[in-house]
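I wanted to look at one strand and its partners, then go through the salt bridges.

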Amino acid sequence: MSTGVIRVVAFVNRRQVPILCYHSVIESEHHVESDPHKQHIPLRRFLQHLDYLQKHHNLLSLNEFQRARRENRELPDHTAVLTFDDGFQDFAKVVAPHLISRSVPATVFVITDRAFATLPPNGESFLNWEEIRELSESGLDIGSHTCAHPRLPDLSPQDVMRELSESQAAVRTQTGQAEVALSYPFGQTSQQISRMANSAGYSCAIASDCGPNPQHVNLHALSRTVIASDDEVPSFAARVSGLTWWITRFRSVFRADAKEVAGSFILYELQFCDCRSLTINQPGPCGRGKTAHCLARTCADRCRSNHHPEPGR
């Protein structure tokens with residue numbers, strides 16, 4: 001990916017703040033074989049990312065970021081925030097020593113029932129409360145990733161509030177932190193859930209991957225930028241700059257426009273044909289009916305009279 005393009009996009013987005021989301025960092029040079037979501041990044045690559053960030057960005061803690069937004073304070077250009085989801089045990093053993101030695105602020109979001117060891121094992125190792133307290137005492141921030149990491153939109157409001165309030169209380173009790181941030185499991189939230197996170201007392205909450213955060217943003221629906229285990233420095237730089245999000249957004253808009261154009265073409269074909277022998281049995285955007293292009297063509301083929309011409313002829 002062109003370095004020049006990345007620099008231009010980074011300059012355009014210099015006042016927007018990416019919240020970078022990592023998961024696991026492993027000491028091995030080899031990728032984890034069973035890692036479909038690309039969550040386990042090799043340490044060597046992670047340190048290359050840190051080198052890039054410290055050279056090109058102003059790294060700020062999540063707490064400082066949300067306070068600045070609340071107080072409407074401008075942040076330095078090219079500010080970025082570092083976070084880690086799930087509370088994997090390798091954060092304490094592999095990541096934290098490098099963050100501390102470099103004075104890099106970061107927040108690790110823990111699944112509190114994992115820390116209490118009350119959830120069934122899933123093949124991964126997670127931080128316990130003793131390790132979490134040590135991390136907090138070293139200056140790193142601890143956030144909540146809920147009690148059991150459920151898909152919150154699938155729960156009742158009562159269960160959502162229980163996940164939010166009990167996990168926040170556990171983090172506060174175990175670490176003594178006055179402010180606790182939230183990372184929604186799977187990045188999934190809703191307007192109602194975001195309001196609940198606010199009313200539960202969370203300082204801020206991070207949702208889906210929607211690029212860097214602008215000056216005026218809902219602090220309980222912040223966007224994260226998820227980092228993949230195979231992100232070499234150029235692709236990492238593209239993610240941090242916001243270029244990857246721009247490309248993703250452009251593609252999604254283009255696909256949506258293409259679908260709209262295709263739908264319009266189908267309806268255009270159908271308006272020339274009143275053949276009653278064809279069944280259109282699916283609801284569509286017009287509210288009357290939708291069919292595949294092949295069905296519309298079949299209808300056109302059946303109607304060969306002058307008052308039923310095929311489109312384009």
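This is a predicted model: local features need pLDDT of at least 70, side-chain atom pairs count only at pLDDT 80 or more; totals for chains, interfaces and linings use all residues.

Entry 1

Entry 2. I looked up strand S1, residues 19–22, and checked both faces. Ile19 and Cys21 sit on one side, Leu20 and Tyr22 on the other, and all of them are buried.

Entry 3. Next I asked which strands S1 pairs with. Strand S5 (residues 79–84) runs parallel to S1 and is joined to it by four bridges; there, Tyr22 has Phe84 as its bridge partner.

Entry 4. I ran the salt-bridge search over the whole structure and got twelve. One of them is Arg67 with Glu179, closest N and O atoms 3.0 Å apart. Arg67 is in helix H3 and Glu179 in the loop between helix H7 and strand S8, so this pair ties together parts 112 residues apart in sequence. Arg67 is partly exposed at 30% relative accessibility, and Glu179 is partly exposed at 29%.

Entry 5. Then I went to Arg162, which is partly exposed at 35%. Arg162 has a salt bridge to Glu163 at 3.2 Å, N to O, and Glu163 is buried at 4%. Arg162 also bridges to Glu166 at 3.4 Å; those two lie four residues apart in helix H7, about one turn. Glu166 is partly exposed, at 42%.

Entry 6. Last item: Arg14, Arg15 and Asp77 are linked in a salt-bridge network.

Methods: Residues are numbered from 1 along each chain as its sequence is written. Side-chain values use heavy atoms; hydrogens and water are left out. Buried means under 20% relative accessible area, exposed over 50%, partly exposed in between (1.4 Å probe, protein chains only). Two strands pair if DSSP finds at least two bridges between them. A salt bridge is a side-chain nitrogen of Lys or Arg within 4 Å of a carboxyl oxygen of Asp or Glu.
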